[in-house]
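New notebook page. I want to get my bearings in this structure before going further.

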Amino acid sequence: MNYKNTILFCLFIFFASLAIAQQKDYILWYNTPAKDWNEALPIGNGRLGAMIFGRAGEELIQLNEQTLWTGGPVDLNPNPDAPKYLQPVRDALFKDSIRQAVGLLRKMQGPNTQMYQPLGDIIIKHQFKKGDNDTAKNYRALNITNATAFTQYAVNGVMFSREIFSSAPDQVIMIRLRANKPGALNFTIDVNHELKYTKLITADKQLLLKGKARITSDERRNPKPLVFEEDSQCKGMRFQFRIKPVLKDGTLSATDSSLVITQASEVILYVVAATSFNGYDKCPDKDGKDENALALAYLNKALKKNYEQLRSDHIKDYQQYFNRLVFSLTGIRQAVSSIRQPVSGIQYPVSGIPTNQRLSDYRAGKEDLELEEMYFQYGRYLLISSSRPGGIPANLQGIWNQLIRPSWRSNYTTNINLQMNYWLAEMCNLSEMNEPLMEHIKKLATNGTATARNYYNMRGWAVHHNSDMWAQTNPVGEGNGDPKWANWSLGSPWLSQHLYERFRFTNDKKFLRETAYPLMKSAAEFCLDWLVEKDGKLLTAPSTSPENVYIHPNGFKGTVTIASAMDMEIIYDLFSNIMEASAILKTDAPFASLVKEKRSKLNPLKIGKKGNLVEWYDDWEDEDPQHRHVSQLFGLHPGRQISPLLDTAYSNAAIKTLLVRGDGGTGWSMAWKINFWARLLDGNHAYKMVQELLKKSTMNNLFDTHPPFQIDGNFGGTSGFAEMLLQSHLTEIQLLPALPDAWKDGHVKGLIARGDFEIEMWWKSGKLSRAVVISKKGGLCKLRTNAPVTIKGALASTQQVKLFSQNQYIHSFESTVGKRYEVWAK
């Protein structure tokens, strides 16, 4: 680099640093109210969620509480006859009697999971004059940088506003209503629920809605009578929410069932909620917590603070997580112009184009790098808002659901969707948000131990296709489910990957020794018992490739087989992690040796006649070649068995598989493909999938749609962005491994690599300019770059290697705890 270029680069870094010294204000905003739930804006504190419609005359705020589910603790042995069918199933499969195997597998099924439920609605109805609402000019927004929603509208020259947030420190939803003309606020507050409920006004003018969830779940397509009581008084979650108005001026009165505010200019609403949930293994009715006492405690605590204190504490708490990661593609000028200070007053600054119009323009082909930045950060916002320490994991819809019979029960689907929700957590610097999943895995292991024993007479723990807050682990379907999803049985080894990945990112040996390894070993014991030997190879039987259908050479369509590629890859992954963990902990060498020996006998991956990675036991055709699941590429992502850095024969087969599958699919499927193409080091194809996801599977509020709404696509998309910028799943930290041409200049700060290294990078014209590596735990650091670099403060050895006929460089050095290492392009 010559002197002139050095000066220019230093100036670029200086001004870029100024531009990104603070997190941008990313604002979703619209100039019309939400037409329906899919356009409403989400807020949440991990436990309490709300969808805000932003209507002027009659506002609707739909509420959720993450523990409000139907049912109660699971029956750990719902099908005592199940074990007797396993060997006949295997015999049928080995004779290619697939229809017989399917019929027998249905006899092994158990009850379906429970359903996540809405908490209820708040309706705020303003007393405008007839026709006034028709003239209202509306503006609504969600600032994901401070997790605050805002609605503003003008009626006959009076400006009205509502600001809403859901506070984690104080466990309250706050709503501030204001008017810029004294006495102009005149409205009623009402509540509603689709289920049976009671509402009343307390002596101190709180509006209270309380009810009870159903004791059983039922499908939308086959609804059963709603049942709320049972003789045992076990199932049936009690719930309530309360609204407490505090007026600056004006008058508060009440009818029998609503609150009435007149002639006010500012009103604060405190909204609290609680359920009787007392743990996954406790009856929510007879053994439930006192939801009334809990809600009152939340309210009394919140009332000790004024609105500004609550708002300040909320933003401080939220931003301690959100501001850890900064991502900018839009250059110095745009970065500076987009930084807006949050304003709590009635006027709210906004410029540019509404988000729905930006998305429409993007679909039409207009470049919008800042929309892509915002989409990436939106995934982080949603995870912070739906998954907090002490709570339960984010479900298929995070914590946002308005239906008593939601699609797929809004449960935990464990053949990819639950796992996809948490891919981003560690690498996007949100490790705390991963804790609910870690805790839930422990519960699944407890119940899954009973399932492995009662269904299969096997050791270890088993998890099947669906689960819920009660940690259900049995095969679902109730005797009618298609085994291609209902009987999938390898949830425990896949979830075990999340345990080991948490260790790999955090380097927490205590967690590995006391939590992860025992659960991983138990899952491995199940796998050892599940495997059967045929022709000298270990196979799974029965086996599926989730939700896909093959065409057998004999002409029939099948869903069940033996030794699908995904099964083999999941078990290979677990066995590999067991071997590594045993070596790290210097323990359990005999078991690690056994696992190593069994791994060597696993049915191997195969390359098909089309150059594809074979999905089934043999190279059979798919009923739907563009099926949304690409399960046979588990070993590419989230596994680490397949990589261009390991074996190009298998990585090329993965490329061919993706080309055959195509770039379509559901939202979460497109998100997965971003991760696949990033792992294949093809940044431009990964970016194509980014565009496909935003153009075809993103709603106006930036929610992902399957359809309908599923949050895993949001989370998987954010994960894919991160994989394009940084990878560390193998032995090195690869900087900018899949940078697309469209992201020619940029900066990212706060990504986490395995080994607990925090990474910051700048790039210009598609090439790394500078990086900073902060070693949080010390130890060996190996950086892989596309060009030679200098590492300040480290005695690094450098190895030149070839990749795709291009030179790459591996720089290795021993790092010191807490030390910062600067990496400069030569």
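Ground rule for sheets: I count two strands as paired if DSSP finds at least two bridges between them. Helices (H or I, at least four residues) and strands (E, at least two) are DSSP runs, numbered from the N terminus.

Housekeeping: the model is predicted, so I noted that local features need pLDDT of at least 70, side-chain atom pairs count only at pLDDT 80 or more, and totals for chains, interfaces and linings use all residues. Residues are numbered from 1 along each chain as its sequence is written, and side-chain values use heavy atoms, with hydrogens and water left out.

Entry 1, the sheet. I found 6 strands in an open, antiparallel sheet, ordered β17-β27-β28-β29-β34-β31. β17 (326-328) and β31 are the edges: each has a single partner strand, so one side of each lacks a neighbour in the sheet.

I looked up its link to β27 (residues 746-753) and got 3 bridges, running antiparallel. Val326 has Lys749 of β27 as its bridge partner.

β31 (residues 789-792) pairs with β34 (residues 820-825) over 4 bridges, in the antiparallel sense. Ile791 bridges to Val823 in β34. Which face of β31 is covered? I see Val789 and Ile791 on the covered face, Thr790 and Lys792 on the uncovered one. In a regular strand, side chains alternate between the two faces of the sheet.

I checked α8 (residues 369-386): 18 residues, reaching 26 Å from first C-alpha to last, close to the 26 Å expected (1.5 Å times one less than the number of residues). Of its 18 residues, 17 are buried (under 20% relative accessible area, 1.4 Å probe, protein chains only).

Key: Buried means under 20% relative accessible area, exposed over 50%, partly exposed in between (1.4 Å probe, protein chains only).
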